Amino acid sequence: MSDLGRLERFLRTDPWDVGCDEALAVLHVYVEAVAAGGDAPARYPGIAAHLAACGPCAEDFAGLLLAVADG
Amino acid sequence: MECARLPVEGLDEESVGWLRRLGADGVDRHAAERELHARLVRIALAEVRRRSAGTPVTGRELDDVAYQAAGDAMLAMLGKLGDFRGESRFTTWAYRFVILEVSAKLGRHYWRNPTVALDAGQWERLPDRFGIDPVRHAEAAGVLAEVRRVVDEELTGHQRRVFVAIVVDGIPLDALAAELGVRRNALYKVVFDARRKIRRALVANGYLDEPGWEQR
């Protein structure tokens, strides 16, 4: 089953997942929580669940985090 | 342009400064807008370069996307200044506009030089998309055939088209959203429901052992 691990993980759906609209609406808040070194996933589990499953939103998160780090 | 509410209680000094300058009249506001626009351009250029491996857009066109994204983000952000609630630093809130604009623009530009056509249905590439070692393709064939059966027989026509485009053919979600004229969230929900339906079928038919998170 290990070779099917990615497929199996992809098919899992997390009921905490808030979807793109909600995640992007507070992305700036989530990014600052991560940048500050806090436990953002524990504080915002629905956002963390979504970013773990949605490639485009995860890209936006990574881009905003870099933008904030670069000032 | 909406006027920012000043001052925002508890906000950091830099953010208050931005809001004050952007809410002012004349020279101060124009200087602040130029400064902020320059920052958005710098971020947009860095962002399109960071994403360059995942888009068919290249070279000068990629830079054009960045400049257009910065300009459109600036207009959108200024139009929503009144929505800023001080939940983050002002610049973090402002930078979000340009990052999302880069995403949307790269999605739209995908169709100028697409790597795969809509409705191509490249099922033979599915094992590679999930990183299955070629020597184990035969072993995985049963599960993947069941995935295809569920897609063909149990998904709605719209779910099938979206799933095949994004998952089977690897069309970027933002590109498909631009092509279909819908929001990213709408397509994500379609794929989310399809994933759940496929997983349930795989569990019911003995291809997967445990139910996963959906019954948590």
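**Figure 1. Two domains along chain B.** In this predicted model, chain B is assigned domain 1 (13–112) and domain 2 (123–215). Taken over C-alpha atoms, the centres of domain 1 and domain 2 of chain B lie 34 Å apart. Where these two domains of chain B meet, seven residues of domain 1 are in contact with six residues of domain 2. On the domain 1 side, the residues that touch domain 2 of chain B divide into four nonpolar, two polar and one charged.

**Figure 2. The overall build of chain B.** If you trace chain B from its N terminus, the elements read α-α-α-α-α-α-α-α-α, which comes to nine helices and zero strands. Along the principal axes, the C-alpha atoms of chain B fill a box of roughly 70 × 45 × 30 Å. Of the 216 residues of chain B, 36% count as buried. Take the contacts in chain B between residues at least 6 apart in sequence: 67% of them join residues at least 24 apart.

**Figure 3. The largest nonpolar core.** Zoom in here on a core of 78 residues, the largest nonpolar one. Which of its residues touch the most other members? They are Ala44(B), Val98(B), Ile166(B), Leu176(B), Leu187(B) and Val191(B). The largest share of this core comes from H4(B), with ten residues. Both domain 1 (13–112) and domain 2 (123–215) of chain B give residues to the core, so it lies between them.

**Figure 4. A close look around Val98(B).** Val98(B) is among the core residues that touch the most other members, and this view shows its surroundings. Setting aside neighbours within four places in sequence, Val98(B) is in contact with Leu40(B), Ile43(B) and Ala44(B), and also with Ala69(B), Ala70(B) and Ala73(B). One of these partners, Ala44(B), is itself listed among the core residues touching the most other members.

**Figure 5. Where chain B meets chain A.** The contact between the chains draws 37 residues from chain B and 28 residues from chain A. On the chain B side, the elements giving two or more residues are helix H2 (27–50), helix H4 (90–109), helix H6 (137–153), helix H8 (173–180) and helix H9 (184–204) of chain B. Which element gives the most to this side of chain B? That is H9(B), with nine residues. By class, the side of chain B that touches chain A holds 15 nonpolar, six polar and 16 charged residues. For the complex, the predictor gives an ipTM of 0.93 and a pTM of 0.91.

Figure 6. Chain A has six helices and zero strands, and its C-alpha trace spans about 45 × 25 × 20 Å along the principal axes. Of its 71 residues, 44% count as buried. Among contacts in chain A with a separation of 6 or more, 70% come from residues 24 or more positions apart. Now look at helix H5 (residues 45–53) of chain A: Ile47(A), Ala48(A), Ala49(A), His50(A), Leu51(A) and Ala53(A) are buried there. What do the buried residues of H5(A) pack against? Their partners are helix H2 (20–25), helix H3 (27–35), helix H4 (40–43) and helix H6 (55–70) of chain A.

**Figure 7. Ala40(A) and its neighbours.** Ala40(A) sits in helix H4 of chain A. Is Ala40(A) buried or partly exposed? It has 19 C-beta neighbours inside 10 Å, whereas a buried residue needs 20 or more, so Ala40(A) counts as partly exposed. Leaving aside neighbours within four places in sequence, Ala40(A) is in contact with Tyr30(A), Ala33(A), Val34(A) and Ala48(A). Ala48(A) is one of the buried residues of helix H5 of chain A. Val29(A) is eleven residues from Ala40(A) along the chain, and 9.5 Å separate their C-alpha atoms.

**Figure 8. Confidence in the two chains.** The mean pLDDT of chain A is 93, with 96% of its residues at 70 or more. Within chain A, helix H1 (residues 5–11) has the lowest mean pLDDT of the elements (91), and H2(A) has the highest (98). Chain B averages a pLDDT of 91, and 93% of its residues score at least 70.

Terms used
Residues numbered from 1 in each chain as written. Chains lettered and ligands numbered in written order. Predicted model: local features only at pLDDT ≥ 70, side-chain atom pairs only at ≥ 80, totals over all residues. Helix = DSSP H or I, 4+ residues; strand = E, 2+ residues; numbered from the N terminus. Nonpolar A, V, L, I, M, F, W, Y, C, P; charged D, E, K, R; others polar. Core = buried A, V, L, I, M, F, W, Y, C linked by C-beta atoms within 7 Å. Buried ≥ 20, exposed ≤ 12 C-beta atoms within 10 Å, placed from the backbone. Domains from an automatic or database assignment. pLDDT = per-residue confidence, 0-100.
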